[in-house]
Amino acid sequence: MLIRKLFKFENAHIVRHCSTRRCSENIHGHSYKVEVVLSSNYLDNGQMVYDFGLTKLYIKELIDSFDHGITLWSGDDTAYLEAMKAHSSRWVELPVSPSAEQFARVIYLMVERVLSCTQMQNGEREVELHSIVVHETDTGYAEAFKEDAHSELMGKIDLNKIRFSPQVRSEWSDSELWAKLLAGEPIKMPSKV
Ligand SMILES: [Zn+2]
């Protein structure tokens, strides 16, 4: 069975080297919608695949890191990166360009990380991340599956190279959340949220 949780955020970017000059040469924003699609062949004690309430913790916090911020590509011009960081407190720097496709792959890896570190508390079994769908506009989206997120053909994404600004981290429930997830520290989900 598949279940889907929708998240939204407002974010700015430039997509270098894309075919459209408006996108590749101008800072602009989108109202993103992100669908997190989970699957399982089992139901938990509440007869659910995964209680949506649990996604409001770390999955929401990580996705919300992008809200009202700018997403930067570490391969961009150094002067641009420095200027953006100097004049905006909420930024996320990725080792890949922030196209909808790469957003879908990056967010897949982030959510996968949360799930793999999560100690389930309510009988959830074999909850898998089916896909991440990123809607950049009302008419276009990118959907990443596991094989896309880990694809070497599309370029491996090194999670260690994702950087969240100090203000973003300060708004998490634990400012070391990302470091802990990267270290594979187990996250205990509360039995009640
Ligand atoms: Zn755009």
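## A tour of the aromatic pairs and the nonpolar core

The model is predicted, so local features need pLDDT of at least 70 and side-chain atom pairs count only at pLDDT 80 or more, while totals for chains, interfaces and linings use all residues. Residues are numbered from 1 along each chain as its sequence is written, and side-chain values use heavy atoms, with hydrogens and water left out.

**Ring pairs.** Rings of Phe, Tyr and Trp (its six-membered ring) pair if their centres lie within 6.5 Å; planes under 30 degrees apart count as stacked, over 60 as edge-to-face and the rest as tilted. The count by this rule is seven aromatic pairs. Phe-66 and Phe-103 are edge-to-face because their ring centres are 5.2 Å apart and their planes stand at 80 degrees. Phe-66 is in the loop between helix 3 (58–64) and strand 3 (69–73), and Phe-103, 37 residues apart from it, is in helix 5 (residues 100–117). Helices (H or I, at least four residues) and strands (E, at least two) are DSSP runs, numbered from the N terminus.

**Asn-11.** Next, select Asn-11 in strand 1. Is Asn-11 buried or exposed? Its relative accessible area is 4%, so Asn-11 is buried. Its side chain reaches the backbone oxygen of Gly-69 at 3.1 Å. A polar contact of 2.8 Å joins it to the side chain of Thr-71; such a contact is a pair of N or O atoms within 3.5 Å, and within protein one must be able to donate a hydrogen and the other to accept it, with residues adjacent in sequence counting only if both atoms are side-chain atoms.

**The core.** Now go to Val-36 and Ile-107, which touch the most other members of the largest nonpolar core, a set of 48 residues. A nonpolar core consists of buried Ala, Val, Leu, Ile, Met, Phe, Trp, Tyr and Cys residues joined through side-chain atoms within 4.5 Å. Which helix supplies the largest share of this core? Helix 5 does, with twelve residues.

**A charge over a ring.** Finish at Arg-125, whose charged end sits over the ring of Tyr-42, 3.7 Å from its centre. The rule asks for NZ of Lys or CZ of Arg within 6 Å of the ring centre and within 35 degrees of the ring normal.

Notes:
Buried < 20%, exposed > 50% of the residue type's maximum accessible area, 1.4 Å probe, protein only.
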